[in-house]
Amino acid sequence: MTYDIKDINLAPEGEKKIKWVQRHMPVLESIKKEFEETKPFEGITIGSCLHLEPKTINLGLTLQAGGAEVVMTGCNPLSTQDDATAAGAKLGLNMYGWTGQTNEEYYEQLNKVLDYEPDIVIDDGADLIFLIHKERPELLEKLRGGCEETTTGIHRLKAMHHDNALKIPVMAVNDSYMKYLFDNRYGTGQSTFDSIMGTTNSVIAGQTVVVCGYGWCGRGIAMRADGLGANVIVTEVDPIRALEAKMDGYRVMTVQKALEEADIVVTATGNRDIISGDDFKHVKDGCMLANSGHFNVEINENDLAAQAVNRELLKPDIEGFEMPDGRNIYLLAGGRLVNLAGEHGQGHPAEIMDLSFAMQALSAKRLLNEDMEPGVYKTRDEVDTEIARLKLKAMGVEIDQLSQEQEKYMNSWDVGT
């Protein structure tokens, strides 16, 4: 076990946090017990680039229980929790990264993970996979495949595959039902407002909240804002999603019109320059801008700074920009992923990540058991179903089952009357 972290002496606090989340991740714990017996990853090295916090360390420990040598680094310079990485190192994981890394240090740690020549990589944003293909193609010969956690990463990987640039099979964990229906929707929705409220100490009720993007993350953010009493506006470029938002009861309009009313804006599109250039001329005085997309490209900070006559850090994770006409615009968490990068961001609840990381663990196992051509693969529906059953069982919930006659009826075309 090796590590390059902030302070190994922080481990005791991190271990307490890991024990807490383990109590709330029963599905992953059941998989861990199975892995301890079957050792599916014996002799295998798994490298990961994920948000380094207690729930993610628990995934690493699950893979370790299956016999893997696990190497972990962070996928965001501001989301790493240093006590969690210290605990991971103490528990035998190879840990690299600390909060507040420079961009150069971030890529140094990615390369340290790749120095282990992993058989499988688990990615959040596809940076490891992209780096292997672009700068370290010699690793492709040994690499069995990868698993991708987030929407942004899947977009990148599908683009690579379209251009015949992707040389490995990748499991699109983000596209599994048990990931996006729960992690993207309930996890992002709750954790976004946990962080915004903790950072700003602002009431959400009565505010106008603009949600840019109505994918599953945007749906969750809008739903939580609505539940907290906000007036919700949605912006979209996809006509179908825009229509869905309208029929879900939200107002739908263009970004510039929405900014004129917004008290809080949350971007969640996975694209760049959602608020940029002349958009800032339309922002209401006192508006707070936050991002819940993976990369810090959705709110163009450079454009905002160029138009401001003054900028000031008012408190941790709140930076004020004074505009020439006297308006003040506030950027939260530097435009990075607010639910993880902010001081009050702890990421999704453990009960939610239990589902996503269970899917990651089982997808990594599939890469070893099947000979797959390069491409982006959806997880199997039966795996989603099994994870759901395990979660319901842990929650003490019983559901009905179809009788043989009902199953025959549902699977027959000549059912008569």
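## A tour of the helices and the sheet

Start by selecting helix α2 together with helix α14 (residues 350-369): the two pack at an angle of about 25°, with axes 7 Å apart. Angles under 35 degrees count as roughly parallel, so α2 and α14 are roughly parallel to each other. Keep in mind on this tour that you are looking at a predicted model.

Now show side chains on this pair. From α2 come P26, V27, L28, I31, E34 and F35, and they meet D354, F357, A358, A361, L362 and K365 of α14. Colour this contact by class and you will find 9 nonpolar residues, 3 charged ones and no polar ones.

On the α2 side, pick L28, E29, I31, K32, F35 and E36; on the α3 side, pick N58, L59, L61, T62 and A65. By class, this contact of α2 with α3 holds 6 nonpolar, 2 polar and 3 charged residues.

How many strands does it have, and in what order? It is an open sheet of 8 strands, ordered β10-β9-β8-β11-β12-β15-β14-β13, and its pairing is mixed. Look to the edges for β10 (251-252) and β13 (310-315), each of which pairs on one side only.

Zoom in on strands β11 (residues 264-267) and β12 (residues 288-291): they run parallel and are joined by 4 bridges. Select V266, and opposite this residue you will see A290 in β12.

With the sheet still displayed, bring in α8. This helix packs on the sheet and touches β8 (208-212), β11, β12, β13, β14 (318-322) and β15 (328-332), while its direction makes about 140° with that of β11. Follow α8 (residues 177-200) from end to end: its 24 residues reach 33 Å from first C-alpha to last, close to the 34 Å expected at 1.5 Å a residue. Along the way, centre on D183, where α8 bends by about 30°. Just after the helix, stop at N201, which takes a positive phi of about 55°.

For the last stop, select helix α9 (residues 216-227). This helix lies across β8, β9 (231-235) and β11, and runs at about 170° to β8.

Note on methods. Residues are numbered from 1 along each chain as its sequence is written. This is a predicted model: local features need pLDDT of at least 70, side-chain atom pairs count only at pLDDT 80 or more; totals for chains, interfaces and linings use all residues. Side-chain values use heavy atoms; hydrogens and water are left out. Contact means heavy atoms within 4.5 Å. Ala, Val, Leu, Ile, Met, Phe, Trp, Tyr, Cys and Pro count as nonpolar, Asp, Glu, Lys and Arg as charged, and the others, Gly among them, as polar. The expected span of a helix is 1.5 Å times one less than its number of residues. The bend at a residue is the angle between axes fitted to the seven residues ending there and the seven starting there. Two strands pair if DSSP finds at least two bridges between them. Axes are lines fitted to C-alpha atoms, for helices over the stretch in contact, and angles run from 0 to 180 degrees between N-to-C directions. Angles under 35 degrees count as roughly parallel, over 145 as roughly antiparallel, 65 to 115 as roughly perpendicular and the rest as oblique.
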